[in-house]
Amino acid sequence: MVHVLSGRTLLRPTDPERSRVFYGEQLGLAVYREFGTGPERGTVYFLGGGFLEVAGRSEVPPSPALKLWLQVADVTAAHAELVAAGVEVVRGPVREPWGLIEMWIADPDGTEIVIVEIPEDHPLRFRP
């Protein structure tokens, strides 16, 4: 059996520096480690229970099938912080029919990112 110790999403952006500004400065993700030199150097960000590695370069944007799901404690506060940082909000916070509060943003290559708050009364937090 495979015993996974850690997970990481690898992202090959079309403009690595623009993506580092987005994830590091606008989203404010903390840096786990950096490696290499030059414009295509790698930066690995903490991503809750995993990591997001922005490294290398791609001539085409990531597949639209790739989505990032980031859980926060307070989506309203996250919304205010992201707007203040200049992040374009694709869709503001909405309580979905399934009970989660979701807000949508996108990175510079168009990768969709859902920012999610799980309300205290939601079954994901507690199920008898």
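Reader: Which residue just after helix 2 takes a positive phi?
Author: Gly86. Its phi is about 85°. Keep in mind that this is a predicted model.

Reader: And what caps the N-terminal end of helix 2?
Author: Asp74 does that. One of its side-chain oxygens lies 3.0 Å from the backbone nitrogen of Thr76.

Reader: Which residues of helix 2 are buried?
Author: Within residues 75–84, the buried ones are Val75, Ala78 and Leu82. Looking down the helix axis, they fall within an arc of 55°, so they line one face of helix 2.

Reader: What about the other side of helix 2?
Author: Thr76, Glu81 and Ala84 are exposed there.

Reader: What covers the buried residues of helix 2?
Author: The cover includes helix 1 (16–26). It also includes strand 6 (89–95), strand 7 (101–106) and strand 8 (112–117).

Reader: Switching to charges. How many salt bridges does the structure hold?
Author: There are 9.

Reader: Start with Arg12. Which residue does Arg12 form a salt bridge with?
Author: Glu53, with the closest N and O atoms 3.9 Å apart. Arg12 sits in the loop between strand 1 (8–11) and helix 1, while Glu53 is in strand 4 (residues 50–54), so the pair ties together parts 41 residues apart in sequence.

Reader: Is Glu53 buried or exposed?
Author: Buried, because its relative accessibility is 9%. Arg12 counts as partly exposed, at 35%.

Reader: Which residues are linked with Glu53 in a network of salt bridges?
Author: Arg8 and Arg12. The three form a network of salt bridges.

Reader: Next one. What does Glu112 pair with in a salt bridge?
Author: Lys67. The closest N and O atoms are 2.8 Å apart. Glu112 belongs to strand 8 and Lys67 to strand 5 (residues 67–71), so this bridge ties together parts that are 45 residues apart in sequence.

Reader: How much relative accessible area does Lys67 have?
Author: 40%, so Lys67 is partly exposed. Glu112 is partly exposed too, with 34%.

Reader: And Arg95? Where is its salt bridge partner?
Author: Its partner is Asp121, and the closest N and O atoms are 3.5 Å apart. Arg95 lies in strand 6 and Asp121 in the segment after strand 8, so the pair ties together parts 26 residues apart in sequence.

Reader: Last check. Is Asp121 buried or exposed?
Author: Exposed. Its relative accessible area is 65%.

Technical notes. Residues are numbered from 1 along each chain as its sequence is written. This is a predicted model: local features need pLDDT of at least 70, side-chain atom pairs count only at pLDDT 80 or more; totals for chains, interfaces and linings use all residues. Side-chain values use heavy atoms; hydrogens and water are left out. Buried means under 20% relative accessible area, exposed over 50%, partly exposed in between (1.4 Å probe, protein chains only). Helices (H or I, at least four residues) and strands (E, at least two) are DSSP runs, numbered from the N terminus. The arc is that of the directions from the helix axis to the C-beta atoms. Contact means heavy atoms within 4.5 Å. A polar contact is a pair of N or O atoms within 3.5 Å; within protein, one must be able to donate a hydrogen and the other to accept it, and residues adjacent in sequence count only if both atoms are side-chain atoms. A salt bridge is a side-chain nitrogen of Lys or Arg within 4 Å of a carboxyl oxygen of Asp or Glu.
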